[in-house]
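Student: I have a structure open and want to learn to read it. Where do we begin?

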Amino acid sequence: MRHNEVIRRWFTCRRTALKAQEEGGSRRIPCPLDPKHTVSENKLEKHLKKCNSREKEKPVYYVENINSGSADGETLHQVSLSERSRTELQSLLDKLKTAVTGLQCDVEDSVLSHPVVQEELNNPKNGDSAHKHLKQQSSLLGHLEALGLLGRGRCFVEFGAGRGKLSHWIHEALKTRDHLQTCDDLQLLLVERCSTRFKVDGKHQDTGVQFERLQVDIQHLDLSKVQLLRQRRLPLVGVGKHLCGAATDLALRCLLETPGLREEGEPPPKRLKTSEPELADAAALLESSPGPDSGPVLGLAVALCCHHRCEWRHYVGQQFFLQNGLGAADFSAFCRMSSWATCGIRPTNRDGPPQGGTNQRGDVEEHDPAEGTDAVSGFLLADEREQVGRLCKRLIDGGRLDFLKTKGFNSKLTHYVNSQVTLENVLLTAVPSN
């Protein structure tokens with residue numbers, strides 16, 4: 001009854017307010033730019049000049065669809081798995097098994113950590129969710145350090161930055177160890193298409209390190225035109241924690257195919273060491289050489305997720321699929337089947353009654369789940385569907401590894417945390433080939 005009373009009072013107040021506005025000659029009308037909010041009719045002209053939904057001037061680094069990839073498959077008719085016959089599903093399964101045979105795409109277990117996160121990990125005020133995110137960030141830092149990528153004299157580009165926690169810990173790791181005093185040898189560029197609340201990069205504005213946030217879709221980002229990168233042309237390191245579906249492919253294109261970052265055919269540079277004399281020599285070399293508009297790419301570390309949200313037109317492994325006798329329609333089906341790797345192991349999707357009645361993990365990241373229409377009852381057991389989903393993920397990632405190889409990088413996949421922390425626990429890393 002209390003809930004109904006609240007609703008009744010709200011409507012009463014609303015009607016009273018609207019009546020008062022009409023009597024005063026200030027009728028509320030939907031905003032022409034965004035009907036989700038209203039505006040006084042006699043103040044419409046003034047509102048349109050400052051409305052947050054107005055079309056804003058595009059920044060210089062916005063180049064429409066620069067990282068979109070091929071336009072092929074844009075109009076491909078999407079067929080859900082539940083609409084397919086058993087014969088079609090079995091044919092897809094046969095194609096998958098043939099494609100993954102001999103695929104050099106093993107995923108090793110390597111759970112690392114970094115001491116800078118340890119104090120926060122031990123903080124009892126952090127709940128389970130925060131603790132799991134900290135474990136992932138700690139392992140990501142550990143892998144960056146193991147690859148020789150965690151150091152000064154470079155710019156870290158965090159794709160899908162969200163609140164910017166990963167960049168925060170990168171800064172903390174380098175500040176703690178190297179006592180950063182200037183902003184000349186470390187830059188952090190955060191890329192996020194959505195407006196984000198509670199951003200942590202704002203806390204670093206007075207630390208002497210250059211933090212810059214770009215609100216832009218990776219699809220339209222030309223890194224070579226970002227003023228921060230043009231200032232000193234520091235080498236780039238791409239990072240990301242749970243870069244959803246096609247965003248991973250867009251980020252790879254953004255880093256490795258943007259004109260001006262690296263001339264066509266030019267091999268990627270060797271990684272810079274973190275020792276001071278070598279860093280000074282490398283910096284001097286970068287200053288003296290004309291080079292491109294921004295620095296070269298030293299490597300990347302991106303935690304993957306949501307393969308069911310990949311798109312053929314953005315996918316960097318198209319050539320890999322075609323060489324294996326597969327096309328856009330097969331890719332679309334495998335993307336949908338990849339959701340079985342995570343959805344298939346939840347108690348609600350198990351064959352038979354759930355043991356315990358609740359999902360004990362509750363660790364699905366803050367990303368959209370796969371469509372319910374991709375659930376196929378009676379086709380394979382739950383454990384078998386889970387394995388098929390993992391094979392689909394590995395095949396999709398195999399195309400990404402092949403793409404990185406063609407760009408002159410050694411890359412690999414790693415389980416960087418265990419599955420109790422997150423079901424999406426695979427990290428893609430790459431460094432220049434020797």
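Tutor: With a term. Two strands pair if DSSP finds at least two bridges between them. Strands (E, at least two residues) and helices (H or I, at least four) are DSSP runs, numbered from the N terminus. Residues are numbered from 1 along each chain as its sequence is written. This is a predicted model, where local features need pLDDT of at least 70, side-chain atom pairs count only at pLDDT 80 or more, and totals for chains, interfaces and linings use all residues, while side-chain values use heavy atoms, with hydrogens and water left out.

Student: Which strands does strand 5 join, and by how many bridges?

Tutor: Strands of a sheet pair through backbone hydrogen bonds, either parallel or antiparallel. Strand 4 (residues 154–159) runs parallel to strand 5, with six bridges. Arg 154 has Leu 186 as its bridge partner there. Strand 6 (residues 210–214) is also parallel to strand 5, through five bridges. One of those pairs Gln 187 with Gln 210.

Student: Is strand 5 mostly covered or mostly open?

Tutor: In a regular strand the side chains alternate between the two faces of the sheet. In strand 5 (residues 186–191), six of six residues are buried. Buried means under 20% relative accessible area, exposed over 50%, partly exposed in between (1.4 Å probe, protein chains only). Leu 186, Leu 188 and Leu 190 lie on one side, Gln 187, Leu 189 and Val 191 on the other. Across the protein, 48% of the 434 residues are buried.

Student: What is the strand order of the sheet?

Tutor: The order is 3-9-10-8-7-4-5-6, an open sheet of eight strands with mixed pairing. Strand 3 (107–109) and strand 6 are the edges, each pairing on one side only.

Student: How do I read two packed helices?

Tutor: Two packed helices are described by the angle between their axes and the distance between the axes. Axes are lines fitted to C-alpha atoms, for helices over the stretch in contact, and angles run from 0 to 180 degrees between N-to-C directions. Helix 3 (residues 86–100) and helix 11 (residues 328–338) come within 11 Å and cross at roughly 95°. They are therefore roughly perpendicular (65 to 115 degrees).

Student: Which residues make that contact?

Tutor: Contact means heavy atoms within 4.5 Å. Helix 3 supplies Leu 92, Lys 95 and Leu 96; helix 11 supplies Asp 330, Ala 333, Phe 334 and Met 337.

Terms used:
Parallel < 35°, antiparallel > 145°, perpendicular 65-115°, else oblique.
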